[in-house]
Amino acid sequence: MTAHTDVVVVGAGPVGLFTAALLDSAGVSVRVFERNPGASVVSKAIAMQARTLETFATLRVEDGKRLTDLLLPLGRPVPRTHFATLPTMLELGGFESAYPYMLFIPQNETERVLAEHLATRGVPVHYGREVGSFTQDTDRVVVSADGETCEARYLVGADGAHSTVRKAAGIGFPGTGPSNIGFVADVELVDAPERNLTLWSHETGSVTIFRTPGGYRVFGMEPGDTGLSPEEVAARRQRPPGLDDLRATLVRIAGTDFGLRSASWLSQTTDSTRHADRFRAGRVFLAGDAGHVHLPAGGQGMNVGLQDAANLSWKLVAELRGWATPSIVDGAASYQAERLPIAVRLGENTLAQSALMTTFTPAGGALRTMTSDLIATSPSLSAELAGWVSGLRVRYPVAGDAHPLDGLPAPDLPLADGKLVHRLEIDRFLLVDLTPDGRFGALASPRLDVAVGPPRAGVAAALVRPDGYVARAWAEAEVPEVTAAVLAWLGTAPAPLGQ
Ligand SMILES: Cc1cc2nc3c(=O)[nH]c(=O)nc-3n(C[C@H](O)[C@H](O)[C@H](O)COP(=O)(O)OP(=O)(O)OC[C@H]3O[C@@H](n4cnc5c(N)ncnc54)[C@H](O)[C@@H]3O)c2cc1C
């Protein structure tokens, strides 16, 4: 028997689960297929960035709460982050965000909360079902998962780095292979450093230790594990390290094993850096690690993937409901046009971090010292890097005469009826009216909410997209120009809800 749904999502990692939750919040029917028999019990990502928290705050969950209300108590907020484990930290407190910090929270906890929400909503997450292939024509996609078929209008491949969907869609994955191999582990330490610690020596290598909600995470690399061929890395990955290997590595690098007792997870990292050459092939989209892989540096992969999900979901809703403009479907504001350049820059910034972290020579040490000093003495450099890593300064392409807010995540404006992130809905735009006379109230429509707020220097109005990005802002604005921008983004004839 063939099941039917609007969207099939392949992969119940964080990106697939969040995509499903966003689509469901708009009344779209969605099914998730996951090849693993159940939810993950180990955590790759620990760092949840500010922009992810802003996006999570838009999703309503049970009992009138937001997704952030469930996640924040499970994590630990930290006010600063790092670039390439350099000594000078990046401050996150200076951003006008509802969440000007990073949250340490295990990835599997985020996945658990999302999966529980989907279960409550009755969204099927089929564990133990591997998607092997699909076919598509102009109207539909037919997905095969372990002998069952499911027909959908769209398919989202959130199936990780080795994505079956990507390969079956014929989408290329260019980039560079691995040249180094690092260690990473979640451990119990009885002689842990009092504060988070990074040791870096061009002779012995590097180790970073920081406290997590469940213990400590250690990661690093030895000089002999750099400058490898992809074949050498592949051979090394056949022999995963054990607890004693990790202990010996720590002693070689730091002179102590920090009282290493046990490890709940031991793994390896590489700097393999690739991105999909297309994010869309007909009715098939890629999101998350299926679209980009890189060295896990600075806590970005999952967060960027979750932003893929946010960018894609509202556009898919618009397409399903029939109000997506050509620009949103395959033009300048399409999912691919906006997110593919982000994947490219993500690869570049993590390769740059790799160079700073793993060039174990005196020159590499000098580069680290100089870069760290530059960050310490240049507030704009520090803010730029913090904006990238946190996601708060990721900007989508804008027209030449842009307002400074255009293309950026909307700041946390204090609106008359609450926070901006709480006013966002996945199936409509928000017009923020900061004029003293509230002159844009009459523009409200089924696809456009209007919210008023106190006057603010330099901003009279802002048109905010469902994913929280500023489509257009005005320092001074009158009704005709704002109406023109609304029509450009929303089209002229939106279909009624539910069609
Ligand atoms: C050591 C380490 C530390 C990291 N730390 C951070 C961090 O602090 N912050 C951060 O942002 N990122 C971090 N990352 C990266 C982050 O873990 C990934 O970017 C994230 O898991 C990507 O999520 P995803 O949902 O796209 O893919 P995945 O988490 O890989 O999920 C894909 C899912 O698809 C399933 N699947 C695959 N093929 C099929 C199929 N054919 N049919 C059905 N299901 C399928 C898989 O079983 C899997 O469950 C880290 C990564 C590592 C390795």
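**The ligand shell and its setting**

Helix α1 (14-25), strand β2 (30-34) and helix α8 (301-321) each contribute at least two residues to the shell around the ligand, where helices (H or I, at least four residues) and strands (E, at least two) are DSSP runs numbered from the N terminus. The largest share of that shell, 3 residues, is supplied by α8. This is a predicted model, in which local features need pLDDT of at least 70 and side-chain atom pairs count only at pLDDT 80 or more, while totals for chains, interfaces and linings use all residues. Residues are numbered from 1 along each chain as its sequence is written, and side-chain values use heavy atoms, with hydrogens and water left out.

The ligand has 32 residues around it, of which Glu34, Gln107, Asp289, Met302 and Asn303 come nearest; a residue is near if one of its heavy atoms lies within 4 Å. As for polar contacts (pairs of N or O atoms within 3.5 Å), a polar side-chain atom of Glu34 lies 2.6 Å from an oxygen atom of the ligand. A side-chain N or O atom of Asp289 is 2.7 Å from a ligand oxygen atom, and for Gln107 the corresponding separation is 2.9 Å. Of the 1000 Å² of accessible area that the ligand has on its own, the protein covers 89%, with areas taken from the Shrake-Rupley method and a 1.4 Å probe.

Turning to the sheets, 3 strands form an open antiparallel sheet in the order β12-β18-β21, two strands being paired if DSSP finds at least two bridges between them. Because β12 (175-176) and β21 (292-293) stand at the edges with a single partner strand each, one side of each is left without a neighbour in the sheet. β12 pairs with β18 (residues 273-275) in the antiparallel sense over 2 bridges, and Gly175 has Arg274 in β18 as its bridge partner. Helix α10 (residues 335-358) packs on this sheet, touching β18 and β21, and its direction makes about 175 degrees with that of β18; contact means heavy atoms within 4.5 Å, and angles run from 0 to 180 degrees between N-to-C directions of axes fitted to C-alpha atoms, for helices over the stretch in contact.

Another open sheet has 4 strands in the order β25-β24-β26-β27, with mixed pairing. Its edge strands, β25 (448-452) and β27 (470-474), each pair on one side only, and the twist averages 15 degrees from one strand to the next. Within it, β24 (residues 429-433) and β26 (residues 461-464) pair in the antiparallel sense over 4 bridges, and the bridge partner of Leu430 is Val464 in β26. Helix α14 (residues 479-490) lies across β24, β25, β26 and β27, running at about 170 degrees to β27.

As to confidence, the chain averages a pLDDT of 95, on a per-residue scale from 0 to 100.

Terms used. pLDDT = per-residue confidence, 0-100. Polar contact = N/O pair within 3.5 Å; in protein donor to acceptor, adjacent residues only side chain to side chain.
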